[in-house]
Amino acid sequence: MKTFADLANEWVSRLQVYEPGLPIEELARELGLRDVRRIIKLASNENPLGPSPAAVRAMRRAAAQMHRYPDGGAFYLVRALARKLSVTPNQVIVGCGSNEILELIGHVFLDAGSSAVMADHAFVVYRMVTEMFRARPIVVPMRNFTHDLEAMRRAIAADTRVVFIGNPNNPTGTMVTPAELDRFVGAVPEHVVTVLDEAYVELVPPGLRPEALRYVREGRKVLVLRTFSKTYGLAGVRLGYGVAPGEAIALLQRVRQPFNTTAMAQAAALAALTDAAHVRRTRRVVRDGLRCLEAGCRRLGLEFVPSVANFMLIKVGDGRRVFEALCRRGVIVRPMDGYGLPEYVRVTVGTPRENRRFLAALAEVLDTA
Ligand SMILES: *Cc1c(COP(=O)(O)O)cnc(C)c1O
């Protein structure tokens with residue numbers, strides 16, 4: 001008798017499985033808690049303030065039209081994004097989260113005869129996508145928890161098609177300087193597409209923010225990825241986008257499913273784009289929250305990696321054990337062994353109350369070590 005595994009493509013069983021943040025409902029069941037509000041989730045870099053109220057209103061209004069297929073090309077959203085980013089609509093593609101755009105990049109640029117360059121502690125999806133398309137990952141060590149662009153450039157091989165750069169990177173919360181990025185983009189060979197994943201860019205102080213879209217306007221082989229999941233608080237609706245020269249976007253469009261983003265998501269994103277006040281509030285809560293977490297770590301004598309995003313790596317000893325002990329206290333963070341950082345946990349900035357509860361639980365857990 002043949003099993004499903006016998007019938008599957010042989011490389012599929014070797015793929016690494018993504019470990020998502022533990023859902024609140026699942027932990028509540030495990031702990032036998034009826035009231036999910038007693039659990040705080042600081043595991044997936046979500047927005048502690050929730051979605052923009054304007055987006056919630058737009059989704060309520062859109063609900064009555066859900067018998068219709070969405071506009072597959074997301075006409076209005078693409079135009080609104082293009083206007084906001086000072087690019088043209090043919091330079092924008094939307095997807096089911098920027099994770100889908102990463103997969104479209106794999107479809108277009110990677111295959112069994114190619115390779116992709118990424119950092120050892122970069123967002124794991126880069127490696128997963130590379131392996132999903134049977135390309136060879138070339139993994140380059142970070143320096144001081146930051147992408148080492150010079151080493152990454154040197155690691156580019158003749159068969160390399162893509163370089164992935166998370167900026168700011170998840171889970172390290174670090175970013176490269178605009179000057180380093182300029183140097184890299186200026187020196188990268190012709191046969192390589194540079195993917196700049198800017199999932200957290202709206203949270204970065206303007207002075208530190210590289211002008212990645214300028215590379216697109218200049219027609220460089222650069223693809224910029226952004227998302228509504230983090231700063232805009234819409235992780236649940238799944239909407240991300242890519243910005244690149246028109247020729248690259250046209251290729252990505254060929255491998256996109258006709259209805260890859262939902263009408264609900266398009267309505268939410270369009271409204272969220274106009275809600276500058278929500279973005280400002282989010283920035284403030286994240287900045288103050290980072291200060292609170294940093295101060296808490298110093299009090300506990302813990303090392304941490306200073307972050308420019310809405311999460312922070314904290315060195316706790318046995319990360320998996322601390323993660324489990326925090327779960328028992330109703331606090332979900334992310335263990336980092338899957339990222340080659342077994343001594344760390346990653347905590348997302350929460351509301352002031354959530355941050356305090358996390359620090360109190362962490363103090364208890366470390367005390368009982
Ligand atoms: C969260 C995240 C994404 C994308 O998430 P989507 O929800 O799929 O848009 C992409 N890159 C990094 C580095 C992230 O942390």
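Along strand β13, Y344, R346 and T348 point one way while V345 and V347 point the other, and all of them are buried, where buried means under 20% relative accessible area, exposed over 50% and partly exposed in between, with a 1.4 Å probe and protein chains only. In a regular strand the side chains alternate between the two faces of the sheet. Because five of the five residues of β13 (residues 344–348) are buried, the strand is largely enclosed by the rest of the structure. Strands here are DSSP runs of E with at least two residues, helices are runs of H or I with at least four, and both are numbered from the N terminus. The model is predicted, so local features need pLDDT of at least 70 and side-chain atom pairs count only at pLDDT 80 or more, whereas totals for chains, interfaces and linings use all residues. Residues are numbered from 1 along each chain as its sequence is written, and side-chain values use heavy atoms, with hydrogens and water left out.

Strand β13 pairs in the antiparallel sense with β10 (residues 311–315) over five bridges and with β12 (residues 334–335), also antiparallel, over two bridges; two strands pair if DSSP finds at least two bridges between them. The charged end of R346 sits over the ring of F311, 5.7 Å from its centre, the criterion being NZ of Lys or CZ of Arg within 6 Å of the ring centre and within 35 degrees of the ring normal.

Turning to the aromatic residues, a search of the whole structure finds eight aromatic pairs, counting rings of Phe, Tyr and Trp (its six-membered ring) with centres within 6.5 Å, and calling planes under 30 degrees apart stacked, over 60 edge-to-face and the rest tilted. The rings of F228 and Y241 have centres 5.9 Å apart and planes at 50°, so this pair is tilted. Since F228 lies in the loop between β7 (222–227) and β8 (240–243) and Y241 in β8, the pair ties together parts that are 13 residues apart in sequence. F228 is buried, with a relative accessible area of 0%, and Y241, at 4%, also counts as buried.

The residues around the ligand include F123, T227, S229 and R238, each having a heavy atom within 4 Å of the ligand. Polar side-chain atoms lie 2.9 Å (N99) and 2.8 Å (N170) from an oxygen atom of the ligand, and one of D197 lies 2.6 Å from a nitrogen atom of the ligand.

Technical notes. Polar contact = N/O pair within 3.5 Å; in protein donor to acceptor, adjacent residues only side chain to side chain.
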